[in-house]
Amino acid sequence: MSEEERDFEEQLRELLSEDAYTIRPSPVPYPQIRRQGVVERRRRVAVAGAVLATLAAVPVGAFAAGGGGTGTADTATTPTASASATPTPTATPSPTPRGPAGPATAGQLRDGITLEQAVEGLDKCLAWEQHNAARGARDLDLGKADEYRIILALNSTGDLNSPGDGVFVVAVKEKPTQTQLICNIKDGEVSGLNSSVGEDRQPDSPPVVPDMNGNKLYQQSFLNKGNWKLPFSWGFIGTVDPTVAKVTVSYGGVGGEAVLDHGWFVASGTLTQQVTRNPHIKGYDKGGKLIYDSDDDKTYQQVQ
């Protein structure tokens, strides 16, 4: 190295030594940078919040219409039938169960007896009659249960002639021949059956005809005469012609209006005292005129 080069190097060292502080980088202004960063983050959060608010304000229908579509909420919410939907099958009505018809009013089923119980009783009575016929007894040809209408059911009171309480079921049919039966059931078994086949009514019959077997329903045995078991649930039936609009029946001093059920009158009640006279029956036409009085009926037994 020449003399001139050494002098230049020494001068340069001195200059560097003297100006070392002036060329050192200044310290980083951290507090200012931090504040700037916080401001920038707040700005970004505010922008993001604005974007979310914008998204929330978009109509729901616009999304339902599908991407790129111009559908509105109306078109989007209108249901569209699916081509693959299975049509709802048409309900097939159940066949009407066959069986005897019920009475015209609920009150004709007395003492808590249900229609189902009355029907079961009728079935047993008809089966009992057929069983007896098969064993040599006279075939009464009473027909099938679904040909009948049950017009009365009530408790039966046992007496000296037929001990044990039970149930009476009264049923009638019009075709092919008018038939009436009164069946008594005790402990689930048939105890007795009274029936009449054919018209009781004759050309000269009065407008009201009490049933010939009706006493089975409102009397106790002759053996119990004067000593009936009370209270006693009683019933009474008979036929009426089309001119009859109202029938009243009184028994033991208590009277009431009978039910008119498809050409039959049906009366029932509870007897609380011993009686000696049979029920008193009156019939009226549509104008309220008395057209039948059992007191004037020579064929009706007044006294027991």
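Predicted model: local features only at pLDDT ≥ 70, side-chain atom pairs only at ≥ 80, totals over all residues.
Local features need pLDDT of at least 70 and side-chain atom pairs count only at pLDDT 80 or more, whereas totals for chains, interfaces and linings use all residues. Residues are numbered from 1 along each chain as its sequence is written, and side-chain values use heavy atoms, with hydrogens and water left out.

**View 1. Salt bridges in the whole structure.** A search of the whole structure gives six salt bridges (a side-chain nitrogen of Lys or Arg within 4 Å of a carboxyl oxygen of Asp or Glu).

**View 2. The salt bridge between K173 and E147.** The closest N and O atoms of this pair are 3.0 Å apart. K173 belongs to strand 2 (residues 166-173), while E147 is in the loop between helix 6 (115-134) and strand 1 (149-156); the two residues are 26 residues apart. Helices (H or I, at least four residues) and strands (E, at least two) are DSSP runs, numbered from the N terminus. K173 counts as buried because its relative accessibility is 5%, and E147 as partly exposed at 35%. Buried means under 20% relative accessible area, exposed over 50%, and partly exposed in between (1.4 Å probe, protein chains only).

**View 3. The salt bridge between R110 and D111.** The N to O distance is 3.9 Å. R110 is buried, with 15% relative accessibility, whereas D111 is partly exposed, with 36%.

**View 4. The salt bridge between R277 and D295.** The closest N and O atoms lie 4.0 Å apart. R277 is partly exposed at 44% relative accessibility, and D295 is partly exposed at 40%.

**View 5. A network of salt bridges.** R149, E174 and D261 are the residues linked here.
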